[in-house]
2 protein chains.
Amino acid sequence: MNTQVIYTKIPTGLPNPSETFEIKKVAFDPKNVVVPDGHLLVKTLFLSVDPYMRARMRKPEVQSYFPAAQVGKSFMGGAVVEVIRSGDSKFKDGQVLVTFSPWEEYVVIPAVSPMGNIVTIPNPRESKVPLSYYLGVLGMPGLTAYIGLHKFCEPLTPGQTLYVSAAAGAVGQVVGQYAKALGLRVVGSAGSDDKVAFLKEMGFDEAFNYKKHPDFVSILKQTCPKGIDIYFENVGGKMLEAVFEVANDFCRIAVCGMISQYNRTENPEGIHNMFQIISKRIKLSGFIVSDHAAECGSKCIPTFAKFLAEGKMRYRETIAVGIENTPKAFVDMLEGKNFGKAIVKVADL
Amino acid sequence: MNTQVIYTKIPTGLPNPSETFEIKKVAFDPKNVVVPDGHLLVKTLFLSVDPYMRARMRKPEVQSYFPAAQVGKSFMGGAVVEVIRSGDSKFKDGQVLVTFSPWEEYVVIPAVSPMGNIVTIPNPRESKVPLSYYLGVLGMPGLTAYIGLHKFCEPLTPGQTLYVSAAAGAVGQVVGQYAKALGLRVVGSAGSDDKVAFLKEMGFDEAFNYKKHPDFVSILKQTCPKGIDIYFENVGGKMLEAVFEVANDFCRIAVCGMISQYNRTENPEGIHNMFQIISKRIKLSGFIVSDHAAECGSKCIPTFAKFLAEGKMRYRETIAVGIENTPKAFVDMLEGKNFGKAIVKVADL
């Protein structure tokens, strides 16, 4: 049998695991699968669930940088997969790849990713780090942190204050630890006391639980007494408004995500203090990792791999087990129930 | 007698000429004035009234890039003045200067401007352009256009679409004509049919009266069929929301002003589609001319002076006559009743 996670219905507000998705089991024998030229039969090891996926759950006519997901088909996302049978000369059976792939246990995929390069994991069977890290600190989220800081927040002046929201998330924990390594003063926010404790363990100078401090301006002034020089924006809405109030002149804001708004498609929060952009000469730069992956990947991944090997960086994950739990892992992540990068483990290598 | 325009009361909403200001006449004989060392007795020739002045009319404890105006004193702003008696070796009697000066017919000012350099107008009595242009295309507004484009909107790719709001205003008309000279396709909006006709005369590819087209998204799609690559932001609010919808990927937005919001201090409009900043990788840069004046002035002013001399650029002004009309000229400008740069002529040279 092969288990597939079918995307069945465009959600309104927060998706519901059993309404937005259907778990489908189909008869399957890998031996009978025909692999066309230029394709690969792969076995899924890990699936990534990420905030941006919510933005794909929309009517196809609504334009965005990322095509709308297709109702009635398996949902797709970043995955670590093992090549069971290669129909392409660039890949060999037994290789472990990071690519963009349907949420299925076994699947035939093109040997060219629609979302950029397919990464081959070196020596996967002797890896010193969990292979799931290639969906996190050594994958798209790590690269997002690196690109956001180096392409959109420079100068990264030691001693200046960087604030990152969703700081215990897939991207935020890398942003904070890397910025600390560069000598910045780092402040993070997250949605539970456990996450706040984790951020402090990771070396964050200050961290706060935004659910306990609904007056964001006040808690930001308290934790960033010298103001905010760099904001790594993951949440949007009222937090962005508050940052505008506490920002210093010439504040750089890398706009990476706005998770607080993704389930408010019908009534997004308004930002009312836009004049601060002029008054404080703020620069806001929206960015998408895939625009810069080719340029930055070769610098970023070795840097973080070295930090991990030397114990200078840690990476926290929440791992659900079993492909049938992917919908719940996805919705839990949207609700902030995950701690660190949200991953689904589908199979062992 | 010397006429002064005193700022009497912090306004709520739109200022009222006779409530926000008081015209005061005081006995005055220039011969009796003692000019201290490092100061100048000047006669005001032209006063500038500008949108940013509204933002100075606030409680002093509200921080902004520009100090709050002081209630009970003459209001201050950009001015063209003639030196009547110099108490400073750098300036001579009879010179004509552009500086920051109180709204008074005659006044003693420091020979150092609190707002950057004092500019000496060369050969003012043989000037080929009106001296008021030094408060417009050859002054702060012209420099604002130049800096906004070159520092925050590059690349200025010929053929790309630039949209400028408040396009018939002090800054907008320079932005549009200069962008045309650089080869961009230029679209402008303004608040009357006369202004729209003027923009078309100036060579704008398209122009529209925003008061007749309350559906900003629709009119922007119509006038910018290839989308917006560069937006020179002067108005804020719903227009900025609409631009986010019509922007192309990698759109650059120079955030220069938000005049639609200046009289809404208690209830600014919210921007609800901030996610477009990510989706379209938009860059928004707030800026203030004085941060860059020293760097850019020496390139900008000769460029525009040459364009004017060659007839490649025109500059429209609305000139009120008499210092006692300054409050009305200011409020008219905030309401968009001016056409081009709003100026008050106080005296002949």
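Predicted model: local features only at pLDDT ≥ 70, side-chain atom pairs only at ≥ 80, totals over all residues.
In strand β13 of chain B, L284(B) is the bridge partner of L284(A). Strand β13(A) and strand β13 of chain B, residues 283–286, are antiparallel and are joined by 3 bridges. One residue along, K283(A) is found opposite S285(B) in β13(B).

What else does β13(B) pair with inside chain B, and in which direction? Strand β12 of chain B, residues 247–255, runs parallel to β13(B), and 4 bridges connect the two. One residue pair to pick out is A254(B), whose bridge partner in β13(B) is S285(B).

### Between the chains

How many residues does each chain bring to the contact? Chain A gives 29 residues and chain B gives 29 residues. The rule finds 2 salt bridges across this interface. One of them links R281(A) to D291(B), with 2.7 Å between the closest N and O atoms. Polar contacts between chain A and chain B come to 6 residue pairs, both residues being at pLDDT 80 or more. On the side of chain A that touches chain B, β12 (247–255), α8 (275–279) and β13 (283–286) each provide at least two residues. Sorted by class, that side of chain A holds 18 nonpolar, 7 polar and 4 charged residues.

### Between the domains of chain A

Chain A is assigned two domains: domain 1 covers 2–135 + 316–345, and domain 2 covers 140–290. Taken over C-alpha atoms, the centres of domain 1 of chain A and domain 2 of chain A are 29 Å apart. Domain 1 of chain A puts 18 residues into the contact, and domain 2 of chain A puts in 15 residues.

| Interface | Buried area | Given by carbon and sulfur atoms |
|---|---|---|
| Domain 1 of chain A and domain 2 of chain A | about 1400 Å² | 63% |
| Chain A and chain B | about 2500 Å² | 66% |

Which three residues supply more than any other three of the area that domain 1 of chain A buries against domain 2 of chain A? They are R54(A), R316(A) and F339(A), with 32% of that area. Two of these three carry the name arginine, yet across the interface of domain 1 of chain A and domain 2 of chain A the rule finds 0 salt bridges. Polar contact does occur between these domains of chain A, in 5 residue pairs with both residues at pLDDT 80 or more. Helices α2 (52–56) and α10 (326–334) of chain A each give at least two residues to the side of domain 1 of chain A that touches domain 2 of chain A. By class, the residues of that side are 9 nonpolar, 5 polar and 4 charged.

### Backbone details

A few backbone features deserve a look. In chain A, the peptide bond from E154(A) to P155(A) is cis, its omega being near 5 degrees. P155(A) sits in the loop between α3 (140–152) and β8 (161–164) of chain A. In chain B, the bond from E154(B) to P155(B) is cis, again with omega near 5 degrees, and P155(B) is in the loop between α3 (140–152) and β8 (161–164) of chain B. Finally, A166(A) is not a glycine but has a positive phi of about 50 degrees. Look for A166(A) in the loop between β8 and α4 (172–181) of chain A.

Definitions and conventions
Residues numbered from 1 in each chain as written. Chains lettered and ligands numbered in written order. Heavy atoms only, no water. Domains from an automatic or database assignment. Contact = heavy atoms within 4.5 Å. Buried area = accessible area lost by both parts, 1.4 Å probe. Salt bridge = Lys/Arg side-chain N within 4 Å of Asp/Glu carboxyl O. Polar contact = N/O pair within 3.5 Å; in protein donor to acceptor, adjacent residues only side chain to side chain. Nonpolar A, V, L, I, M, F, W, Y, C, P; charged D, E, K, R; others polar. Pairing = 2+ DSSP bridges.
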